[in-house]
Amino acid sequence: MSNTGWATGAPLAATPDWVDELLLAGEDRDVCLHFGSPVDRAALRHAVADREDTLRRLGLARGGSVALRLPPSLAYAANLLAAWRIGAQVALLDHRLTAYETDRALDRLQPQVVVSCTGTLPGGLRAFYEVADVAEAREGRPADTGHAVVQLSSGSTGPSKVIARTVEQLVAEIDRYTRIDGVPLPGERVVLLASVVHVLGLVGGLLYCLHAGVELVLPERLTVDAVLRAVAAGEAPTTLLGVPFHTELLASNPNPPKLPQLKRMTTGGELVRAEVAQRFTDRYGVVLGNMYGMTEVGVIATDLFGEHRPSLLPAPGITVREQDGELLIATPASPYIGLSDPTRWVDGWLHTKDAGRVDPATGLMTVLGRLDSQVSVGGLKVDLTEVEHTLAALPGVEGAVVVFDSGIEAFAVVPDPAAAAALEGELAVRLAPYKRPRVLHIVEQLPRTATGKLVRDRAVLRTADPRPAS
Amino acid sequence: MDAPVAAAGSLGVPRRREPASPDRAEVVAMLAGYGERSPEQVRERIDSLELAWLVHQVEQRHGRMLDLDDDVLMRMTTVTGAVEALAEVLAEPAGD
């Protein structure tokens with residue numbers, strides 16, 4: 001298959017006015033976003049100008065730094081684009097991080113302005129929120145680097161890694177999307193189920209759609225009914241963009257309504273299980289595509305027609321190679337700020353920590369699983385080591401092992417019953433909900449190998465004696 | 001000709017009896033359907049993905065959309081909370 005999508009011209013260029021030229025341009029009445037109600041380009045430009053005015057009045061300037069602690073919302077999109085128009089570096093903080101995690105992130109990043117929202121967010125399967133955003137200046141410092149966006153990743157050494165991308169890299173990723181066969185075309189719609197704060201929803205959803213003239217729709221809720229209603233609400237060919245869970249959820253509907261406008265579903269992250277993929281395509285009669293990417297790079301490889309499953313074709317401009325069973329991506333500079341770990345990026349190659357292979361004959365790559373302790377929880381990457389270190393550092397915890405088997409599961413030695421009782425509460429302060437163990441076993445002791453190493457085999461761990469009730 | 005089996009509703013349409021609200025074992029069984037797990041692999045705490053899954057399974061089983069506001073959904077973050085909240089929601093007449 002060739003990569004001859006609708007963009008056949010010269011690659012997109014990152015100019016000082018890239019936000020206006022590549023993202024905001026278009027007819028005033030052109031509906032570009034749908035966050036509960038349609039947002040046309042005039043309204044979006046107005047919302048961006050409004051936030052830009054606020055951020056400038058707080059002193060944010062070119063080369064400055066701002067952190068967005070906003071849930072998926074029009075306010076989030078407007079602040080992000082406003083900060084980029086100013087030429088500031090934007091740190092994206094997941095709104096689900098606890099206050100403890102957010103404080104640590106702000107200590108590390110030292111942004112000059114923080115934008116957050118007022119009041120308590122409503123719960124309940126929301127794909128987006130209507131929030132009142134408030135920007136506050138703080139004693140921060142200008143951006144240390146020329147990157148446009150920084151994101152924190154769950155880190156194997158406990159604290160988060162700081163992943164950074166330049167305008168040029170973001171623009172190059174948008175350009176890649178335009179050159180991949182099977183992406184949504186101008187005039188079409190995307191119903192986005194993945195978070196617009198993380199790379200798939202941010203670049204593959206928000207930025208690509210704004211650039212390409214594709215209407216980006218967020219469903220009212222992340223329920224089957226609301227998602228299908230969002231698809232049915234428009235006549236233009238529609239692509240569902242989500243993670244494997246969303247496919248499994250939608251595929252569980254035995255009698256979905258006829259949706260002639262549904263063109264394709266594409267998922268990022270791990271591969272959808274074969275039987276779920278078959279069920280989905282049988283029930284909806286559309287193609288199930290697959291993408292592979294990383295926060296550090298964005299989209300790396302795709303199989304949008306489901307014809308190479310489980311393999312993928314590297315995206316235009318991406319070079320992948322296999323070394324000792326690991327997939328490496330050619331990247332001219334390290335995507336990490338303040339990290340000198342040579343096992344992650346060396347000599348122009350990013351180590352994905354994904355096991356995989358590259359077929360020299362076809363160029364197709366196949367991802368075979370993680371080589372480290374990172375797991376995916378609903379498409380969000382969580383490093384089990386971070387969870388384990390956090391748990392082990394809590395008062396009264398003498399030892400801890402965290403494993404994953406369809407959910408994060410922790411085993412801890414906590415002799416003091418009072419400390420044990422307080423453990424879940426302590427974790428809730430320090431870890432965002434998606435990082436917390438789904439079940440916490442308090443045990444007498446942790447099983448060890450003959451040489452004294454902690455055993456991480458879940459079957460063995462489950463045989464550990466529970467701590468007797470006192 | 002046989003008489004209608006079920007008592008007619010106010011519009012004279014035989015009403016299908018709705019299944020009882022799911023008990024704990026049934027909620028666990030529905031959750032286990034996600035990822036094709038065994039009931040033993042289902043944890044007490046329900047995350048947002050499982051909640052979306054559970055709501056859909058209940059809607060399928062009862063043949064009706066559930067009117068779940070934020071407060072109800074916030075209570076459904078554990079198996080126990082979900083059983084209680086579903087009992088209350090399903091006791092209400094269907095909105096259609």
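Trainee: What share of the 470 residues of chain A count as buried, and what makes a residue buried?

Mentor: In this predicted model, 48% of the 470 residues of chain A are buried. A residue is buried if 20 or more other C-beta atoms, placed from the backbone, lie within 10 Å of its own, exposed if 12 or fewer, and partly exposed in between.

Trainee: Why is A:Gly242 called buried?

Mentor: A:Gly242 has 26 C-beta neighbours inside 10 Å, and therefore counts as buried.

Trainee: Where does A:Gly242 lie, and which residues is A:Gly242 in contact with beyond its neighbours within four places in sequence?

Mentor: A:Gly242 belongs to strand 11 (residues 238-242) of chain A, strands being DSSP runs of E of at least two residues and helices runs of H or I of at least four, numbered from the N terminus. Its contacts are A:Leu193, A:Ala194, A:Thr247 and A:Thr267; two residues are in contact if their C-beta atoms, placed from the backbone, lie within 7 Å.

Trainee: How do you know that the radius of gyration of chain A agrees with that of a compact globule?

Mentor: The radius is taken over C-alpha atoms, and the globule rule is 2.2 Å times the number of residues to the power 0.38. For 470 residues a compact globule would have a value near 23 Å; chain A has 23 Å, so the two agree.

Trainee: Which elements give two or more residues to the side of chain A that touches chain B?

Mentor: Of chain A, 19 residues are in contact with 19 residues of chain B. The elements are helix 7 (224-232) and helix 8 (244-251) of chain A, and helix 8 of chain A gives the largest share, 3 residues.

Note on methods:
Residues numbered from 1 in each chain as written. Chains lettered and ligands numbered in written order. Predicted model: local features only at pLDDT ≥ 70, side-chain atom pairs only at ≥ 80, totals over all residues.
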